[in-house]
Each structure stands twice: as C-alpha cells, then as structure tokens.
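Morning, everyone. I have one structure to walk through today. Please look at the screen.

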Amino acid sequence: GPATIFDKLLSGEWPSDKIYEDDMAFAFRDVAPQAPTHILVIPKNRDGLVSLSKAREDQKALLGHLMYVAQEIGTKECPKGFRIVIND
C-alpha cells in the first residue's frame, strides 16, 4: 500500500523522538500525547500488519516481541505502573 506516517518515520523522512530500536521494533514518543507518557511501538517491517485484526499466524513472534518491547519501555518509563493500549 501507499507509504504511511509510520513508514515516513522509519525511513527518517519525518523526524521522531525515538526511544528504542532493534531489528524488529521501533518505539517513539507520540507527537500529540494522550497521556503524560505516550509511546508508540511499531514493527519495522509491517508486512501487511497494519492492524491487529489483520495479523497472520506467522506474525505471532513479531507480535510477542512488540509486547515485550512495550513492557520493557513501560517498566523503564513508568516504574510505578503503566497501561498498554492496542489500536486496531
């Protein structure tokens, strides 16, 4: 599909406040936060994963990795507790 805002952030075309990156995940602070700490964790290679409802069985490891990264960041950024929200 056409390039998304996330593709533009990943390519560096648009700047981001990156806080984490590995070979599978990219995490950055939201530019319009809905909470005092609002961080997005996205896959570096979307491979059709544009919403959770479109996830395939072969993407289970990636989904687990994204959740693991989210909890690692949450524990560091919000040691008293955090909430994870998944948008479809």
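Let's start inside. Phe 26 and Phe 28 are both buried. Keep in mind that this is a predicted model.

How buried is Phe 28? Its relative accessibility is 6%. The cut-off for buried is under 20%, so Phe 28 counts as buried.

Now the rings. A pair of aromatic rings is described by the distance of the centres and the angle of the planes. Searching the whole structure gives two aromatic pairs. Is Phe 6 buried or partly exposed? It is partly exposed, at 33% relative accessible area.

Phe 26 and Phe 28 make another tilted pair, with 5.7 Å between centres and 40 degrees between planes. Put together, Phe 6, Phe 26 and Phe 28 form one aromatic cluster.

Next, the sheet. Strands of a sheet pair through backbone hydrogen bonds, either parallel or antiparallel. Here we have an open sheet of three strands, in the order β1-β2-β3, with antiparallel pairing. At the edges are β1, 18–21, and β3, 39–43, each pairing on one side only. Neighbouring strands are turned by 15 degrees on average, direction ignored.

Zoom in on β1 and β2. Three bridges connect β1 with β2, residues 25–29. Opposite Glu 21 stands Phe 26 of β2.

Last, helix α2, residues 60–77. Helix α2 lies across β1, β2 and β3, at about 155 degrees to β3.

Key: Residues numbered from 1 in each chain as written. Predicted model: local features only at pLDDT ≥ 70, side-chain atom pairs only at ≥ 80, totals over all residues. Heavy atoms only, no water. Pairing = 2+ DSSP bridges. Helix = DSSP H or I, 4+ residues; strand = E, 2+ residues; numbered from the N terminus. Axes fitted to C-alpha atoms, helices over the stretch in contact; angles between N-to-C directions. Contact = heavy atoms within 4.5 Å. Phe/Tyr/Trp six-rings, centres within 6.5 Å; stacked < 30°, edge-to-face > 60°. Buried < 20%, exposed > 50% of the residue type's maximum accessible area, 1.4 Å probe, protein only.
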